[in-house]
Amino acid sequence: MAEGHRPGTISGALVRRHRERAGLTQRELAERSGVSLAAVRDLEQGRSGRPRRESARRLASALGLPPEEVPAMFGPAAATSEAAPRESRTGAAPQLVIGVLGPLTVWRDGAAVPFGAEKARSLLLRLALSADEVVRREALMDLLWGERRPPTAVDLLYTYIARLRRLVRPAAPPTCAIVAAPGGYRLVAGPERLDLLRFRSLAAAGRVEADPERALKEYAAAAALWRGESDVDSLRHHPLATALTEEYAELLRAYAATARELGACEQVLPRLRGLAQRLELHEPLHADLVATLAAAGRRAEALAAYDRVRAALRDQLGIDPGQRLREAHRDVLTRDGARTPLRPDMVRQIPAVPSLHSAGPVRSVPRTGPAGA
């Protein structure tokens with residue numbers, strides 16, 4: 001590797017060069033490859049390391065490159081297989097996993113199962129976001145057609161549901177299925193079959209874990225399940241999707257607080273930075289970013305992060321930072337961030353996850369943290 005290059009910089013430059021030669025935008029490359037737009041951007045800008053093998057293969061294929069060029073573009077790290085998420089406590093690969101914490105994916109026996117019908121993808125994601133809860137037929141038809149509902153909408157919905165049932169039905173035992181219920185349908189699944197439920201299980205385990213080191217491992221495992229933005233446009237701005245992003249933000253805040261307590265800030269910073277960039281007006285998240293940068297000895301970066309969110313709040317909302325963000329800034333200026341983590345009383349004290357089925361719109365600019373900071 002050339003001197004001065006970070007891991008991922010060379011491969012990102014090559015991806016951008018080949019993409020431009022192919023006449024593709026970043027979004028077009030993401031759609032062709034099935035890799036999230038955020039991942040393509042991070043890769044090209046050198047903000048992420050080498051992609052896993054399946055992502056690298058799909059990117060190369062979308063760019064019209066032969067498989068043998070994958071190692072040259074992404075290095076030997078791309079040889080690690082990207083399969084379905086595995087159950088971390090047993091190491092066994094689930095027979096079928098539905099992944100909604102990023103581009104919608106269905107894995108069977110560790111391999112991605114292709115299904116491209118946009119309406120089917122919308123239905124599966126909507127049911128998965130309300131796993132084990134009934135989603136009414138009217139809500140599903142509104143999602144698919146809005147005000148332009150065809151006269152045969154009920155029959156078409158039944159056809160789409162039947163196809164999804166065949167897609168997600170594993171061999172045996174039937175631990176994942178779409179079942180009819182009075183007035184609608186529900187997805188029956190467990191943490192071993194739906195990454196969202198696994199994510200929540202790990203986050204909950206971290207919250208109740210008395211040993212900070214064990215809690216850190218639970219949070220790290222939960223965060224690792226998050227693969228980026230959804231690729232289902234019809235639900236990208238749905239209240240359930242917004243609430244899910246907020247769950248991830250709360251997980252990262254608890255993860256960061258525990259990392260500060262243990263002096264392990266560097267492991268959470270990449271994810272914390274990434275989400276803060278996406279949620280540029282989320283004050284509690286930015287407060288934790290500032291505190292974690294300071295605790296990692298990155299004082300100048302912490303001050304710059306504060307300046308960015310302060311400017312965004314003023315420019316877009318005409319307001320100044322709230323109390324918690326100001327406290328984080330004051331801690332950077334007046335304390336040794338490496339020894340004085342922000343609000344240690346809040347470590348791991350995020351609330352239990354509410355039911356998303358009944359969730360209303362989630363405010364995108366929360367003023368206070370979940371513990372009432």
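Q: Which strand does Ala 181 lie in?
A: Ala 181 is in strand E5, residues 177–181. Helices (H or I, at least four residues) and strands (E, at least two) are DSSP runs, numbered from the N terminus. This is a predicted model: local features need pLDDT of at least 70, side-chain atom pairs count only at pLDDT 80 or more, and totals for chains, interfaces and linings use all residues. Residues are numbered from 1 along each chain as its sequence is written, and side-chain values use heavy atoms, with hydrogens and water left out.

Q: Is Ala 181 buried or exposed?
A: Ala 181 counts as buried because its relative accessibility is 15%. Buried means under 20% relative accessible area, exposed over 50%, partly exposed in between (1.4 Å probe, protein chains only).

Q: New topic. How many salt bridges are there?
A: The structure has 18. A salt bridge is a side-chain nitrogen of Lys or Arg within 4 Å of a carboxyl oxygen of Asp or Glu.

Q: What does Arg 121 form a salt bridge with?
A: Its partner is Asp 231, with the closest N and O atoms 2.7 Å apart. Arg 121 lies in helix H6 and Asp 231 in the loop between helix H10 and H11, so the pair ties together parts 110 residues apart in sequence.

Q: And Arg 260, which side chain does that one meet in a salt bridge?
A: That of Asp 288, at 3.1 Å, N to O. Arg 260 is in helix H11 and Asp 288 in helix H13, 28 residues apart.

Q: Which residues share partners in that network?
A: Glu 250, Arg 253, Arg 260, Asp 288 and Arg 324 are joined into one network.
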